[in-house]
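Subject: Structure for you to look through

Hello,

Please find the structure we talked about below. Have it open while you read the notes that come after it.

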Amino acid sequence: MRRIPLCEPVLRGNEGVYLAECIESGYVSTVGPFVQRFEEAFARRVGARHAVACSSGTAALHVALVVTGAKPGTTVPVSTFTFVASVNAVAYTGATPLLVDSEPVTWNMDSERLHEHVLAWAAAGKPLPPTIEVVHILGVPADMEPLIDLRSRFGIRIVEDAAESLGASFSNGASVGTLGDVGCFSFNGNKVITAGGGGMIVTDDVELAERCRHLTTQAKLPGSSYQHDEIGFNYRLTNLAAAVGLAQLEQLDQFLAAKKSSAERYRSALSGIDAFSLPEPHNGATSSDWLFSMLDCVGNRDQLVDDLSDAGIGARPVWWPAHLQQPHLRSPRIGGECAERLGAQGFSVPSSADVTDDEIEHVIEQLLTARGH
Ligand SMILES: *Cc1c(COP(=O)(O)O)cnc(C)c1O
């Protein structure tokens, strides 16, 4: 049996054909038809009016935060249990990240708890955050209701970090990334779809979309002379990357179906076992099943991950929360105990779109054997 990878891209669609078109046409850089084709197809797919392609998910988040008001002197709440890029993007804007603990069901930011804090700040006349960055972690949609309430009461904007969650939807059927003011996706090599590297911003607000497009292209004014009206960024996606991204998007439904089938197999074998605890989407929400993950309730996660690895299984611990990471140790936070438990006990198991049923059964068997079943 091959070593079962944690999560690898599957490149069996039009990737090669589209890349050859780029080479033949000479359009390899940020000008070229695939960038726009990818943006349009992506916007249609998630049900957003506008999409702006970016060089990475991190770049998408940075720009999304800037256009929703993050800047020096402001504080931006963000989940502490996330890949560090979510929090770094806040720091890039000069704003202070406020690291918010998770709730134990979906593992996402405890939006209810943040809601209570914001109401208390408002009552005390304290300055409110211009925007909130909510992460849909590991493919599982976060609870948006309390954040939407804050937006309607106080005009606080919402940025969704949906880097891991393309294909996931809320209980009303809306795609993740489309309930906030701006949604951000990633096409890094291990995400639901890849462009080699890249990201996408989606929004229904034409002004925000235009401002994102402007900032990602060096804030250059239209026309042939080099005139810039603010400090922009070189964050535009290349035509080569967009060609791969478009070919991958065409296969999204297949990828999601394969991941769902693996996740169901894992879930039905492991959900009754006390040694493991699985995150659950809120009622009616659907996960992208990006990386199937669970807690090791026995309290020996690192040994278990090592044992799986020795058995040829690409398992990996989840992230340590941002408030335990060197660059963010001094950031203010709300709680953190739940996120610390997730960081200490959580791990992910093979979830590539092309993993076979036999391989999943092998992983399940190893997990059960390791815990005496
Ligand atoms: C991958 C990821 C990012 C960053 O995306 P890149 O394309 O790698 O820059 C941001 N947030 C989360 C939650 C991620 O998983």
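Predicted model: local features only at pLDDT ≥ 70, side-chain atom pairs only at ≥ 80, totals over all residues.

The ligand

Sixteen is the number to start with: 16 residues surround the ligand, and the closest are Thr-58, Asp-161, Glu-164, Ser-186 and Lys-191. Sorted by class, this shell holds five nonpolar, eight polar and three charged residues.

Some of the polar atoms can be picked out one by one. A polar backbone atom of Gly-57 is 2.8 Å from an oxygen atom of the ligand. For Ser-186, a polar side-chain atom lies 2.7 Å from an oxygen atom of the ligand. Ser-86 has a side-chain N or O atom 3.5 Å from a nitrogen atom of the ligand. On its own, the ligand has 380 Å² of accessible area, and the protein covers 93% of that. Two elements give two or more residues to the shell, namely helix H3 (57-67) and helix H4 (85-92). H3 supplies the largest share, three residues.

Helix H6

Which residues of helix H6 (residues 145-154) are buried? They are Pro-146, Leu-147 and Leu-150. Seen down the axis of H6, the buried residues fall within an arc of 100 degrees, so they line one face of the helix. The face turned away from that buried side carries Glu-145 and Ser-152, which are exposed. The cover over the buried residues of H6 includes helix H5 (111-123), strand S4 (131-135) and strand S5 (157-161). After H6 comes Gly-155, with a positive phi near 75 degrees.

Two residues with positive phi that are not glycines

Leu-138 is not a glycine, yet its phi is positive, at about 60 degrees. This residue sits in the loop between S4 and H6. Leu-138 counts as buried because its relative accessibility is 5%, and the cut-off for buried is under 20%.

Asp-289 is also not a glycine, and has a positive phi of about 50 degrees. Look for Asp-289 in the loop between strand S8 (276-277) and strand S9 (293-296). With 14% relative accessibility, Asp-289 counts as buried.

Other buried residues

Where is Asp-101? It is in the loop between strand S3 (96-100) and H5. Asp-101 has a relative accessible area of 2%, so it is buried. Leaving out residues up to four places away in sequence, Asp-101 touches a list of residues that includes Thr-80, Asn-108, Arg-113, Ile-334 and Glu-337.

Ser-175 belongs to the loop between S5 and strand S6 (182-186). Its relative accessible area is 13%, which means that Ser-175 is buried. Apart from neighbours within four places in sequence, Ser-175 is in contact with Val-46, Ala-168, Ser-169 and Phe-170.

Ala-247 is part of helix H8 (residues 239-249). Is Ala-247 buried or exposed? Ala-247 counts as buried because its relative accessibility is 0%. Ala-247 and Thr-194 are 53 residues apart along the chain, and their C-alpha atoms are separated by 9.4 Å.

Regards

Definitions and conventions: Residues numbered from 1 in each chain as written. Heavy atoms only, no water. Helix = DSSP H or I, 4+ residues; strand = E, 2+ residues; numbered from the N terminus. Buried < 20%, exposed > 50% of the residue type's maximum accessible area, 1.4 Å probe, protein only. Near = heavy atom within 4 Å. Polar contact = N/O pair within 3.5 Å; in protein donor to acceptor, adjacent residues only side chain to side chain. Areas by Shrake-Rupley, 256 points an atom, 1.4 Å probe, with all protein chains shown as cover. Nonpolar A, V, L, I, M, F, W, Y, C, P; charged D, E, K, R; others polar. Arc of directions from axis to C-beta. Contact = heavy atoms within 4.5 Å.
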